[in-house]
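Subject: Structure handover

Hello,

The structure is below, followed by notes on what was found in it. Please read the notes with the model open beside them.

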Amino acid sequence: MSKYSPLRDHLLRLRTDRWDATFGEIEDVLGFPLPPSAYRYPAWWSNEVSGRHVQKIGWLGAGFRTSQVDIAGRRVTFTRHS
């Protein structure tokens, strides 16, 4: 179980193929603050299949991908990927 499982579970419950979320909304779902790197680096939100970034399990595990990342606006769009 990953600490990002609550994000995966939230995305699995969505009845839409897209979720435009603020970083604050994501933190509410997770129950803890995002790390500083999420606020600084678009790469934190990457959809890499391999690698050590555990946060991707949250969205990839639910069949979603990040499609837009706005670091300055503190927003990210998750899109269902088939």
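Two strands count as paired if DSSP finds at least two bridges between them. Helices (H or I, at least four residues) and strands (E, at least two) are DSSP runs, numbered from the N terminus. This is a predicted model, in which local features need pLDDT of at least 70 and side-chain atom pairs count only at pLDDT 80 or more, while totals for chains, interfaces and linings use all residues. Residues are numbered from 1 along each chain as its sequence is written, and side-chain values use heavy atoms, with hydrogens and water left out.

The sheet

Three strands make an open sheet in the order β1-β3-β2, with antiparallel pairing. β1 and β2 are at the edges with a single partner strand each, so one side of each has no neighbour in the sheet. Between β1 and β3 (residues 75-80) there are five bridges. In this pairing T22 is opposite R75, and A21 is opposite V76. Helix α2 packs on the sheet and touches β1, β2 and β3; its direction makes about 100° with that of β1. (Axes are lines fitted to C-alpha atoms, for helices over the stretch in contact, and angles run from 0 to 180 degrees between N-to-C directions.)

In a regular strand the side chains alternate between the two faces of the sheet. Buried means under 20% relative accessible area, exposed over 50%, and partly exposed in between (1.4 Å probe, protein chains only).

The core

A nonpolar core is a set of buried Ala, Val, Leu, Ile, Met, Phe, Trp, Tyr and Cys residues joined through side-chain atoms within 4.5 Å. The largest one here has 19 residues, and those with the most contacts inside it include W19, I26 and F78. At least two residues of this core come from each of α1 (5-13), β1, α2 (23-30) and β3. The most come from α2, which gives three.

Contact means heavy atoms within 4.5 Å. Not counting residues up to four places away in sequence, I26 touches W19, A21, L34, W45, V76 and F78.

R65 is in strand β2 (residues 64-70). Is R65 buried or partly exposed? R65 is partly exposed, with a relative accessible area of 30%. R65 and F78 are 13 residues apart in sequence and 5.4 Å apart in space, C-alpha to C-alpha.

Regards
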